[in-house]
Amino acid sequence: MKRFFLRAFSLCVLAFCLLPYLAAQRLPSPSGFVNDFTKVMKAQDTKTVETLAAAVKEKTGAELALVTVESYAPYASISEYSIALAEAWGVGERSKDNGVILVLAMKEREVRIEVGYGLEGAIPDSVAGRILDTVVIPAFRQDDFSGGLREGCRAIAAYVVKEKGLELADFDLSENLIRNSGSNSVLNIIIPLIFVLAFIFIPVFRYAVLRSVLGTGGSVFRSGGFGSGSSYGSSGGGGFGGFGGGSFGGGGASRRF
């Protein structure tokens, strides 16, 4: 019996170690800047994003990829899936890590903007969230997936181009793409702030109440504090010649719709 449990435990450990490898085998291969595996994109929108991504790549070196999939399974989250996909494809230039990938998972009804280290200055997490909230999700709620993804890519490109100091007009972009995605509701700032304050002060309040009730001068808890969160941190001439080998680590934002 002891040997049986030992063997079963060994198999479980082996399966756990092999899971990332097996999951990686299910990742699709890219055929362009736009990879619409669910066929939700209109032909004209696909062409628009392909042309825009090629122009951004040629002028800035940054690489933009758009991906739609039925599901991000067997990955646990769209974040894990998008990082695995972006890493496997190598979106962005090697050593510059200036790639960004917009991923839509239809079954889970989730969308994510995953940003490489090299573009986190142009598209920090807050900006990625605003693009989804103000440009992508409203279109999705009208069942316009193609239009939402197209405009999401255009907004992403606008931020990348703007950070490089280039003229938006040269890319058929306008300042409105930045202004509209930046004019987020005050609630989108206040609500996260409320959660942060609650996270900080509720334990303190609970401690004070317990101390009052118990009437103890000593510490109620053995230890406290907060852990630090982890941060994950060529084609040209209008064509797609593969991605450049960039790296990713968790910057971006996700939304359900």
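S3 and S4 make a hairpin with 4 residues between them, and arginine 109 in the turn has a positive phi of about 55°. Helices (H or I, at least four residues) and strands (E, at least two) are DSSP runs here, numbered from the N terminus. What you're looking at is a predicted model, where local features need pLDDT of at least 70, side-chain atom pairs count only at pLDDT 80 or more, and totals for chains, interfaces and linings use all residues. Residues are numbered from 1 along each chain as its sequence is written, and side-chain values use heavy atoms, with hydrogens and water left out.

**The sheet**

Let's zoom out from that hairpin. It belongs to an open sheet of 5 strands in the order S1-S2-S3-S4-S5, with mixed pairing. Strand S1 (34–36) and S5 sit at the edges with a single partner strand each, so one side of each has no neighbour in the sheet. From one strand to the next, the twist averages 10°. Two strands count as paired if DSSP finds at least two bridges between them.

| Strand pair | Sense | Bridges |
|---|---|---|
| S3 (residues 99–105) and S4 | antiparallel | 6 |
| S4 and S5 (residues 251–256) | antiparallel | 6 |

Arginine 112 is a handy landmark in S4: valine 103 stands opposite arginine 112, and arginine 112 also stands opposite serine 254 in S5. Glutamate 110, for its part, faces arginine 256 in S5.

**Inside S4**

Buried means under 20% relative accessible area, exposed means over 50%, and partly exposed is in between (1.4 Å probe, protein chains only). In a regular strand, side chains alternate between the two faces of the sheet. In S4, Glu110, Arg112 and Glu114 point one way while Val111, Ile113 and Val115 point the other.

**Helices and core**

H4 packs on the sheet and touches S3, S4 and S5, its direction making about 30° with that of S5. H5 lies across S2, S3 and S4, running at about 165° to S3. Axes are lines fitted to C-alpha atoms, for helices over the stretch in contact, and angles run from 0 to 180 degrees between N-to-C directions.

A nonpolar core is a set of buried Ala, Val, Leu, Ile, Met, Phe, Trp, Tyr and Cys residues joined through side-chain atoms within 4.5 Å. Of the 64 residues in the largest one, Leu102, Ile113, Ile123, Phe140, Ile156 and Leu173 touch the most other members. H5 gives the most to this core, with 10 residues. Isoleucine 113 touches residues including Leu102, Ile131, Ile156 and Ala253, leaving out those up to four places away in sequence; contact means heavy atoms within 4.5 Å.

**Aromatics and an aspartate**

There are 6 aromatic pairs in the structure. The ring centres of phenylalanine 140 and phenylalanine 257 are 4.9 Å apart with planes at 65°, so this pair is edge-to-face. Rings of Phe, Tyr and Trp (its six-membered ring) pair if their centres lie within 6.5 Å; planes under 30 degrees apart are stacked, over 60 edge-to-face, and the rest tilted. Phenylalanine 140 is buried at 1% relative accessibility, and phenylalanine 257 is buried at 17%. Elsewhere, Phe33, Trp89 and Phe243 form one aromatic cluster.

Finally, aspartate 45 sits in helix H2 (residues 43–60). Aspartate 45 is buried, with a relative accessible area of 8%. Beyond its neighbours within four places in sequence, aspartate 45 contacts Ser146, Gly147 and Arg150.
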